[in-house]
Amino acid sequence: MAGTPPAASGEQQSLIEFIRFNQNAFFAVAYGLTDEQARSRPSVSTLSIGGLIKHAANVQKGWAERAARAPDFPPRDDRPVEAIMAEYADEHVMRDDETLDELLDKLRRQNAETLRVLAEADLDTPVPVPHDVPWFPKDVDFWSVRWVGLHIIEELTRHAGHADIIRESIDGATMYELMAAVEKWPETDWIKRWRP
């Protein structure tokens, strides 16, 4: 993983490379953490790195399923709204019975699936907008697979930024020194690999 997404030929491959780059940020931000540190909430936020990793996997799953099923809706979730909301709340929390390695493995698998779906899709395929979700637009009937890919980038980027701040609050580590450690970049006067 370089410090920026690689150049790619064509729109679809560029989209995939930007998604892959943002997917990898979560592995760098978790590098060297214990389960207890990944579960901790050292900032004013209630978020933890483990919870953000869990959410990054789940948010990609939902959007990749929408893109894969397009132009149809994915199967309807007929559970009571309370059960759906409880699952959504749990998606942001690293529970005591979860380990960082397990969450990273789940993220790794979902990352691969997301990239597969987007590589095989026609970016112009219409993706239906569910009008029963209060934060989705009521005056738009379809997004495109292209829009879904860009939205995944938005989600991952936003949450990787949250994770950066949380990690820095835990032990002072910052993204480039973590990336340098994970990728074993050569050290220079201005970038050193993170060490515990």
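Reader: At what angle do helix H1 (residues 11–30) and helix H7 (residues 175–183) pack, and how far apart are their axes?

Author: In this predicted model, H1 and H7 pack at an angle of about 90 degrees, and their axes are 9 Å apart.

Reader: Why are H1 and H7 called roughly perpendicular to each other?

Author: Angles of 65 to 115 degrees count as roughly perpendicular, and the angle here is about 90 degrees, so H1 and H7 are roughly perpendicular to each other. The contact itself is made by Phe21, Ala25, Ala28 and Val29 of H1 together with Met175, Leu178, Met179 and Val182 of H7.

Reader: What makes H3 roughly parallel to H5?

Author: Helix H3 (residues 49–69) and helix H5 (residues 100–120) pack at an angle of about 25 degrees, with their axes 9 Å apart. Since angles under 35 degrees count as roughly parallel, that value makes H3 roughly parallel to H5. The crossing of H3 and H5 is left-handed. Among the residues that make the contact are Gly50, Ile53 and Lys54 of H3 and Leu100, Leu103 and Leu104 of H5, and the residues of the contact divide into eleven nonpolar, six polar and three charged.

Reader: Why are H3 and H6 described as roughly antiparallel to each other?

Author: H3 and helix H6 (residues 145–171) pack at an angle of about 180 degrees, with their axes 10 Å apart. Angles over 145 degrees count as roughly antiparallel, and therefore H3 and H6 are roughly antiparallel to each other. The residues of the contact of H3 with H6 divide into 14 nonpolar, five polar and two charged.

Reader: Which element gives the most to the lining of the largest pocket?

Author: H3 gives the most, with nine residues. The largest pocket holds about 1,500 Å³ of space and is lined by 36 residues, of which Arg66, Asp77, Ile84, Val133 and Trp135 lie nearest its centre. The elements that give two or more residues to this lining are H3, helix H4 (81–90) and H6.

Reader: How do the residues of the lining of the largest pocket divide into nonpolar, polar and charged?

Author: The lining divides into 17 nonpolar, five polar and 14 charged residues; of the residues nearest the centre of the pocket, Arg66 and Asp77 belong to types that count as charged, whereas Ile84, Val133 and Trp135 belong to types that count as nonpolar.

Notes: Residues are numbered from 1 along each chain as its sequence is written. This is a predicted model: local features need pLDDT of at least 70, side-chain atom pairs count only at pLDDT 80 or more; totals for chains, interfaces and linings use all residues. Side-chain values use heavy atoms; hydrogens and water are left out. Axes are lines fitted to C-alpha atoms, for helices over the stretch in contact, and angles run from 0 to 180 degrees between N-to-C directions. Helices (H or I, at least four residues) and strands (E, at least two) are DSSP runs, numbered from the N terminus. On a 1 Å grid over the protein atoms alone, a cavity is a set of points where a 1.4 Å probe fits but cannot get out, and a pocket is an open set with protein on both sides within 12 Å along at least five of seven lines; lining residues have an atom within 4 Å of a point. Grid points are joined across faces, edges and corners, and a volume is the space filled by probe spheres set on the points. A crossing is left-handed if the near helix is turned anticlockwise from the far one by less than a right angle, and right-handed if clockwise. Contact means heavy atoms within 4.5 Å.
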